[in-house]
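Let's take a friendly walk through a protein model together. Have a look at the picture first, and then read on.

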Amino acid sequence: AHDYTKYNNWATINDWAISISSANPSLISRQVIGNTYEGRPMHLLTVGKKTGSAKPAVFMDCGFHAREWITHAFCQWFVNEAVSTYGSDPEMTNLLDRMDFFVLPVFNIDGYEYTWSSNRMWRKTRSKNSGTSCIGTDPNRNFNAGWCTTGASSNPCSDTYCGSSPESEIESKNLANFIRTNKSIIKAYMTVHSYSQLLLFPYSYKYGLAADHSELLSVSQGAIAALRTLYGTKYTSGPGATTIYPAAGGSDDWAYDLGVKYSYTFELRDEGRYGFLLPESQIKPTCEETMLAVKYIASYVLNNL
Ligand SMILES: Nc1ncc(C[C@H](C[SeH])C(=O)O)cc1Cl
Ligand SMILES: [Zn+2]
Ligand SMILES: [Zn+2]
Ligand SMILES: [Zn+2]
Ligand SMILES: [Zn+2]
Ligand SMILES: [Zn+2]
């Protein structure tokens, strides 16, 4: 059976996506939103009671940055927890009856494979850059949101290379196309990163406050308070620019400016002791506490449609 308390390679995650969706046809459907640069299919799981009509939706992705392995583990955990607690957990049952969760378990598949085969600390995509042997673009600098104006590099050898243009990466284009196509039903966007224990929201590309700043802040404060109830893990929430660093081209800022009001970036455990190399022993507690924050936000969205 699938082991949710260890880090799984992409082949295992891909097989899991196929098996869990076929095993739960009334709660999960699977589609490919496009391929990666190296030709791997980007599988999107739609988690929610099948009703035949479009429901308001939350979009959640994991694995933007290849080395942030705890995030891939969280998306797997979320899908399993959703189907396992449907019918028993009143909150989850209500969410899945009335909403859909679009879950992209691995955004940057090529990069993730590379962390398994070659370089555990790889961050970017694996696309070829012209005029240099340096590989890859930082996908979280590649979106059309103040693109490449701050906190990003135009040097292809940099780990924060913004790319040759917004959505230059096929992975970014695939995600942006899906969200653009479905923006009328997508009410929230959550992109899961590690590490630092932060819950960030727009803007990162400028210091100016978002129009919905006070609401985004209060919801984030409720979410991190819920997270903290389980193991006492302390998170900080706030706009990206002042809470982590100013940086442009992020998917959260882009989704917000597109009109997805509840747009958040999670930075999961830890605060630097292990960093990206979070031990497998912390997968369960990290995922269980993060479930509380994700459910808090989703419930808030549902109650404020
Ligand atoms: N809009 C954003 N939101 C969050 C972050 C922080 C993550 C942390 Se891994 C990153 O550097 O890509 C960066 C940006 Cl550009
Ligand atoms: Zn298995
Ligand atoms: Zn509950
Ligand atoms: Zn990241
Ligand atoms: Zn990070
Ligand atoms: Zn649980």
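## Helices and a sheet

Helix α2 passes helix α9 in a right-handed crossing. This is a predicted model, and its protein chain has an average pLDDT of 98, with 100% of the residues scoring at least 70. For the complex, the predictor reports a pTM of 0.98 and an ipTM of 0.93.

Back to the two helices: the axes of α2 (residues 69–85) and α9 (residues 283–303) cross at roughly 65° and come within 9 Å. On the α2 side, the residues that meet α9 include Phe 74, Trp 77 and Phe 78; on the α9 side, Met 291 and Val 294 are among those in contact. The residues of this contact divide into nine nonpolar, two polar and three charged.

Now for the strands. Eight of them make an open sheet with mixed pairing, in the order β1-β2-β4-β3-β5-β8-β6-β7. Which strands stand at the edges? They are β1 and β7, and each has a single partner strand, so one side of each is left without a neighbour in the sheet. On average, neighbouring strands are turned by 20° against each other, direction ignored.

Strands β6 and β8 pair in the antiparallel sense over three bridges, and Leu 198 stands opposite Glu 267 in β8.

Finally, helix α5 (residues 170–181) lies across several strands, running at about 130° to β1. Here are the strands that α5 lies across:

| β1 | 28–35 |
| β2 | 41–47 |
| β3 | 57–62 |
| β4 | 100–104 |
| β5 | 186–194 |

Definitions and conventions:
Residues numbered from 1 in each chain as written. Chains lettered and ligands numbered in written order. Predicted model: local features only at pLDDT ≥ 70, side-chain atom pairs only at ≥ 80, totals over all residues. Heavy atoms only, no water. Axes fitted to C-alpha atoms, helices over the stretch in contact; angles between N-to-C directions. Helix = DSSP H or I, 4+ residues; strand = E, 2+ residues; numbered from the N terminus. Left-handed = near helix turned anticlockwise from the far one by under 90°. Contact = heavy atoms within 4.5 Å. Nonpolar A, V, L, I, M, F, W, Y, C, P; charged D, E, K, R; others polar. pLDDT = per-residue confidence, 0-100. Pairing = 2+ DSSP bridges.
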